[in-house]
Amino acid sequence: MKGTRQERPDDSSRTTLGKAADENFPVAPFFLPRAWREDLMAVYGFARLVDDIGDGDLAPGGADAAHLGVPPERAADRLVLLDAFEADLKRVFAPGDGPAHHPLLRALGPTVARHRLDPAPFLGLVAANRQDQLVRRYESYDDLLAYCELSANPVGRLVLALTGTATPERIRRSDAICTALQIVEHLQDVAEDLGRDRIYLPAEDLDRFHVTEDDLARPTAGASVRALIAFEADRARGLLDAGAPLVGSVHGRLRLLLAGFTAGGYAALDAIADAGYDVLPGPPKAAKTSVMRRAGAVLLAARREG
């Protein structure tokens, strides 16, 4: 499969892939080998598409639903789309049943074959988005961690699988980083998620800080909301600290990539803190200079540990 030509994306797929520039972390930076960049973008295309289905953020025009064989009258039903998407995904892992229908899943096929990837992380991401349609609130932090096990941790595990560096210890640290990145994204998107009738802040923490859903719907955060966001941000920072030694356990360009992922999380937390933990007017975003500065600090710490 090494010489298999990559699938050329259509307009809707290009729209999906174009969202890589808006992530908190570099998806497939220029310094990586071309083969790595293609594999990472193939996995990103899958992950971004399934998230867009779950969030109702597909490119206009209905091309994605058409690729998946979903008729126009059912294209607004996210559970129907996710079921069709999962069925198409399974064709990637059973090519004898015929090629996948969606261009982004056809593009994923060579990557899956080349690295003999397991379907479990991909199915986990689908399950997370299906859960988003059914679960709107999380009672406890443990409940949220269980969600992150589906929604975030598979991404890091796939990166380790693509680069042939997976070990139990690295997977454990990768899970900590990925869960942290997911929590950071939730903190940035409190207002946007509430507009979708979703709250990822654990109910037990809302009660602890005396925060109501009405408080989260205000244009700016009061003292109790800011205290809650600061508390959750500290949790995410602790997870990043626990996962950061992963960077020092690998070498070369992979170390740079993982430093970028980790630095993106730290820089986003810095942006949240700089906003006074008021995330309600809109998601605080880290400047590229802040990400670069944080990446340098992560790499320096990795060098010292090594």
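Is Phe 209 buried or exposed, and what is its relative accessible area? Phe 209 is buried, at a relative accessible area of 19%; buried denotes under 20% relative accessible area, exposed over 50%, and partly exposed in between (1.4 Å probe, protein chains only). The model is predicted: local features need pLDDT of at least 70, side-chain atom pairs count only at pLDDT 80 or more, and totals for chains, interfaces and linings use all residues. Residues are numbered from 1 along each chain as its sequence is written, and side-chain values use heavy atoms, with hydrogens and water left out.

**View 1. The aromatic pair of Phe 46 and Phe 122.** The structure holds 7 aromatic pairs (rings of Phe, Tyr and Trp, the last by its six-membered ring, with centres within 6.5 Å; planes under 30 degrees apart are stacked, over 60 edge-to-face, the rest tilted). Phe 46 and Phe 122 have ring centres 5.0 Å apart and planes at 80°, so their pair is edge-to-face. This pair links distant parts of the chain, with Phe 46 in helix α2 (residues 34-55) and Phe 122 in helix α6 (residues 120-134), 76 residues apart; helices are DSSP runs (H or I, at least four residues), numbered from the N terminus. Both Phe 46 and Phe 122 are buried.

**View 2. The aromatic pair of Phe 209 and Phe 231.** The ring centres of Phe 209 and Phe 231 lie 5.3 Å apart, and the planes stand at 45°, so the pair is tilted. Phe 209 belongs to the loop between α11 (203-208) and α12 (213-216), whereas Phe 231 belongs to helix α13 (residues 223-243).

**View 3. The salt bridge of Arg 157 and Asp 175.** The structure holds 24 salt bridges (a side-chain nitrogen of Lys or Arg within 4 Å of a carboxyl oxygen of Asp or Glu). In the bridge between Arg 157 and Asp 175, the closest N and O atoms are 2.5 Å apart. Arg 157 lies in helix α8 (residues 153-162) and Asp 175 in helix α9 (residues 168-188). Arg 157 is partly exposed at 30%, while Asp 175 is buried at 12% relative accessibility.

**View 4. The salt bridge of Arg 34 and Glu 38.** The closest N and O atoms of Arg 34 and Glu 38 are 3.2 Å apart. Both residues lie in helix α2, 4 residues apart, about one turn of the helix. Arg 34 counts as exposed at 60% relative accessibility, and Glu 38 is partly exposed, with a relative accessible area of 28%.

How values were computed:
Helices (H or I, at least four residues) and strands (E, at least two) are DSSP runs, numbered from the N terminus.
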